[in-house]
Amino acid sequence: MRTLPSILRIVIIALIALFILQKTAATSNQWAIIENPTFLFVWLGIILFIIAIEVSVASLQRLLFHTLSEEAKQKYIAKQAEREEMRFSWLQTIYNKLVGKRKIRSEQEILLDHDYDGIKELDNNLPPWWLYAFYASIIFAVVYLVRFHVFDGPTQADEYNKEVAEATIAIAEYRKTAKNLVDASSVTLLTEAADLAAGKSIFESTCVACHRIDGGGGIGPNLTDTYWIFDGEIKTIFKVISEGGRPGKGMISWKNEIRPLEIAQVGSYILSLQGTNPPDAKAPEGELWKSPNTISEEIPSTIGDTLVKIE
Ligand code: HEC
């Protein structure tokens, strides 16, 4: 007799526990119990605990029942049956109302005169759930018509554009906080000591073979003078490091080896070497670079295209 409500109780408490775990422990949109196996065990533990309580209570009840006198037992059983009946009677009433069940004694009462080659028709009421849904759809249609066709409410295209505009702003906000998402179009000169130190260590482990430890140049050009083959703008330098120099010259694309933030760091480090004038540096190559706002057109940009274009 007790089994159905017991299971219901277990399920409800399990769901509540899951919800609380999710609210308090989840760090992302994922389910907390999937994200972290510990929570899965905690949750399973809670479920086992409730089952244990339910089982103990049930057996305790059974024990007590056996201690009752015969008369009391009968009374108890009758009470239980009554309760069981009460439990779902309200549901039954709502259901009857929704489907519009009428008590009829015989079909004759609602039989219509129509007769289609022996097929007769009963005059049943329309189920109220259907009828109200129908009324609701009429009201909806009127509201819709007035809003979108009389007062020219926003079209789907308008809504789409609005959401895209919002998302574009959100992306821009996000990229401000996510340093690693820089690309050639958004990179700025990094000046913090930590970034420059990181750039230095990348330079010394990856670039010195061709540009020399002090940036004076070897196979690659001198990076400490004001002459640049491309130019001395951080955005251009980022582009050269990530996409490579002119084909066949020896400066390969580093974007698969070095992450965007690191490219920005090493690029900024290179610029910090400007004017250091190391001994026997390579002769200047390229042109004297002055304007800080020109971006070399020589290297086509392909990286920027993978990010959302802001229009
Ligand atoms: C295999 C040798 C080699 C390595 C390693 C190398 N470079 Fe270069 N680098 C070159 C050459 C050669 C050029 C000239 C490219 C050209 O003429 O198109 C160059 C050009 C450059 C330029 C453009 C200079 C200008 O005048 O416009 C920058 C910036 C640069 N390298 C940075 C780096 C960084 C940072 C690293 C390390 C991640 C690196 N390079 C590793 C050979 C190298």
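What follows is a friendly chat about a predicted model and its ligand shell, core, helices and loops.

Reader: Hi! Before I look at any details, what does the protein average in pLDDT?

Author: Hello! This is a predicted model, and the protein averages a pLDDT of 86, with 92% of the residues scoring at least 70.

Reader: Good to know. Where is the pLDDT below 50?

Author: Over residues 294-311. In the model, that stretch has 24 contacts beyond near neighbours in sequence.

Reader: Okay, and how is the protein divided into domains?

Author: There is domain 1 at 3-99, domain 2 at 111-150 and domain 3 at 180-306. Taken over C-alpha atoms, the centres of domain 1 and domain 2 are 41 Å apart.

Reader: Now the part I care about: which residues come nearest to the ligand?

Author: Cys207, Cys210, Gly220, Gly245 and Met251, out of 24 residues around the ligand.

Reader: Which helices supply at least two residues of that shell?

Author: α7 (193-211), α8 (234-243) and α9 (260-272) each do. The largest share is from α7, which supplies six residues.

Reader: And what does the shell look like by class?

Author: The shell has 16 nonpolar residues, six polar ones and two charged ones.

Reader: Let's change topic. Which residues touch the most other members in the largest nonpolar core?

Author: Phe203, Phe238, Ile241, Ala264, Val266 and Ile270, in a core of 20 residues. The elements giving two or more residues to this core are α7, α8 and α9, and α9 gives the most, with five residues. As a general point, nonpolar side chains tend to be buried together in soluble globular proteins.

Reader: Pick one for me. What does Ala264 touch?

Author: Leaving out residues up to four places away in sequence, Ala264 touches Val182, Val187, Leu190 and Phe238.

Reader: Phe238 again! Is α8 largely enclosed or largely exposed?

Author: Largely enclosed by the rest of the structure, because eight of its ten residues are buried. The buried residues in α8 are Lys235, Thr236, Ile237, Phe238, Lys239, Val240, Ile241 and Ser242.

Reader: What covers the buried residues of α8?

Author: The cover includes α9.

Reader: And what follows α8?

Author: Gly244, with a positive phi near 95°.

Reader: I always check phi angles. What is the phi of Asp152, which is not a glycine?

Author: Asp152 has a positive phi of about 50°. For background, most residues other than glycine have a negative phi.

Reader: Where is Asp152, then?

Author: Asp152 sits in the loop between α5 and α6 (156-177). Asp152 counts as exposed because it has 9 C-beta neighbours inside 10 Å, and the cut-off for exposed is 12 or fewer.

Reader: How far is Ala136 from Asp152 in space?

Author: They are 22 Å apart, C-alpha to C-alpha, and 16 residues apart in sequence. Ala136 lies in helix α5, residues 128-150. Ala136 is exposed, with 10 other C-beta atoms within 10 Å.

Reader: One more from me. Is Gly275 buried or exposed?

Author: Gly275 counts as exposed, with 8 C-beta neighbours inside 10 Å. Gly275 lies in the loop between α9 and β4. In space, Gly275 and Thr177 are 32 Å apart, C-alpha to C-alpha, and in sequence they are 98 residues apart.

Conventions. Residues are numbered from 1 along each chain as its sequence is written. This is a predicted model: local features need pLDDT of at least 70, side-chain atom pairs count only at pLDDT 80 or more; totals for chains, interfaces and linings use all residues. A residue is near a molecule or strand if its C-beta atom, placed from the backbone, lies within 6 Å of it. Helices (H or I, at least four residues) and strands (E, at least two) are DSSP runs, numbered from the N terminus. Ala, Val, Leu, Ile, Met, Phe, Trp, Tyr, Cys and Pro count as nonpolar, Asp, Glu, Lys and Arg as charged, and the others, Gly among them, as polar. pLDDT is the predictor's confidence in each residue, from 0 to 100. Two residues are in contact if their C-beta atoms, placed from the backbone, lie within 7 Å. Domain bounds come from an automatic or database domain assignment. A nonpolar core is a set of buried Ala, Val, Leu, Ile, Met, Phe, Trp, Tyr and Cys residues joined through C-beta atoms within 7 Å.
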